[in-house]
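The sequence and structure come first.

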Amino acid sequence: MNSKEFSLVSDSGQPLLERYQACKAMARGYAESKKTDKARLAHGRAFCAEVIEAYWVELAMRHSTTMKIKDKPAGLPRLTEDVTRVAQGIGRLIVEFPVEDAGYLIGSIYTVTLPPALRSEMGAFYTPPPLVARLLDLAEEAGFDFSRGSAIDPACGGGAFLAPVALRMLARSNGASADWLLRSLGRRVKGVEIDAFAAWMTRVLLEAAVMPLCVQAKRRLADVVTVADSLQPQDMGAFDLVIGNPPYGRVKLSDPMRRRYARSLYGHANLYGLFTDLALRLAKPKGVVAYLTPTSFLGGQYFKALRGLILDEAKPVAFDLVADRHGVFDDVLQETLLTTYAKGKKWAPANVSVLVPKGLNAAQVERLGTVDLDVDGAPWILPRSAEDASLLRALSKMPTRLEDLGYAVSTGPLVWNRHKDQLRSRPSSNALPLIWAEAITAQGFRFVADRRNHVPFIEVKPEQQHLLTSRSCVLVQRTTSKEQDRRLLAAVLPQEFLDKHGGAVVENHINMIYSPSGSVTRVYPATICALLNSDAVDRAFRCISGSVAVSAYELNAIPLPSFADMRRIELLVQNGASSAAIDREVAHCYGVR
């Protein structure tokens, strides 16, 4: 990086956002030039500190004040003159944006400078302004009063939420004096952040957002940010609004922490699930929780206890599915949504919408309808489009599940990297076919192993008979995404293939739908396969699943046609009907065209 590169952030005629994106790329490049994660972290923070200080100085100059920035954390390395100049230019550029955008813009630069492993561990992803604004609107619709209520962000990061919350409070202030308003904000707004550097960012950017008020009142905003781990036991008080974008990712809990959050846990713990549990503890009896999280809690088995807890303690008010995940968060592949819950409110159907970000400061909201949610921890089925209304009505009246038809679901038993010494490229007397996910195609089962590190055979030892599959079953890919044409991709593992080879071994990136020993199936595997590959069931699954995983739990939760309807579908399959004809019959069962 050198002084010539700085022309990207000069008055070059580029749109502001394009200039900012170029700046962020330079910040990432500077951080990636460091040879160790420790050096990258230190220099990334030093770079962002220079950005923030330049932002503050420029803002203070525009407001004709000599207010000094809060002291930055000690021990940051010195930057070269060229790098410092670039960072300062970025800070001055960010002043050109609305003040409520600064937390996101600077926070995003901070996160791209972090070592990837640390960023993943922290679950650090900053929330774009249109999503923040929409979540504030939803919080207000759920009952939060910005003119008098208190609010906390228990994982406040760089202040992407606290500054807009404070500004919304001021906008609802009804003409109170500057001094009173500033004191009121000091009492009503609170942030907690485990990362001391990010907490400093919040302090600075929150005060920068209300700088005109500070100038008018001739006093500083009280320090409302605490450096702490919110998840640890402590008295943080109770609030009318708990808001934020909590960190994501699995976390290993100590025994005391697992006991503390036992009421919302089932198996693995995810950070955002813990923060949802915490939010319900922090919200007052008539308080509101407003969070941006992944959608995986809607359907996954690991979140069944959390879903039950939410419904026990609060009323879901609204769900906004974020339509464009790739264009919203850097490096995030999970589908996300905005959710609001109101404690102490009368039960009513929850509103469901799709939110489409339109640049940095706008979003389009498309109402999809309302939903009633189950109270037993079952997946929450939400429409993904306006056309899903009739589908959801049909699903609510379909009690049949796979187990009612004599089938169970499990993952393939082989974790291949635990048996590397048994993998074989050629057949032998002791080797059996190894079935990988690529064997499941739109045209049916195809015995192939053509991806990296995949081989077609495995030697099975006498004591490993549990790995062996010898009966025909339906194979379903375990990992798909909403962007794919199909979330469900199924194929029958033929009995003739198994008989020819003496069985096969199925790898664990595949779900197996099979008939347990001793059970009686009411339809053939080919019928189950045709049903799962239909457009209507794919749509139904999208309304159930909130993650890229196609889990056994969610497959078991798919509402299926009645046995009489299944028999009609089976006759079509047995008579060799076209996929289009089968699709039409299945669509009729699900009330869709």
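In this predicted model, five strands make up an open sheet with mixed pairing, in the order β13-β17-β14-β21-β18. The edges are held by β13 (423–424) and β18 (468–469); each has a single partner strand, so one side of each is left without a neighbour in the sheet. In general, the strands of a sheet pair through backbone hydrogen bonds, in either a parallel or an antiparallel manner. For β13 the partner strand β17 (residues 457–459) runs antiparallel to it, and two bridges join them. Within this pair, L423 stands opposite I458 in β17.

Two residues are described next, one in a loop and one in a strand. D388 lies in the loop between β11 (363–371) and α14 (389–395), while G191 lies in strand β2 (residues 189–193). Their accessibilities are listed below.

| Residue | Relative accessibility | Class |
|---|---|---|
| D388 | 3% | buried |
| G191 | 0% | buried |

What does the side chain of D388 approach with a polar atom? That atom lies 2.8 Å from the backbone nitrogen of R384. Apart from neighbours within four places in sequence, D388 is in contact with P383, R539 and C543.

For G191, with neighbours within four places in sequence again left aside, the contacts are D153, C156, L162, V224, V225 and T226. G191 and A238 are 47 residues apart in sequence, and their C-alpha atoms are 13 Å apart in space.

Methods. Residues numbered from 1 in each chain as written. Predicted model: local features only at pLDDT ≥ 70, side-chain atom pairs only at ≥ 80, totals over all residues. Heavy atoms only, no water. Pairing = 2+ DSSP bridges. Helix = DSSP H or I, 4+ residues; strand = E, 2+ residues; numbered from the N terminus. Buried < 20%, exposed > 50% of the residue type's maximum accessible area, 1.4 Å probe, protein only. Polar contact = N/O pair within 3.5 Å; in protein donor to acceptor, adjacent residues only side chain to side chain. Contact = heavy atoms within 4.5 Å.
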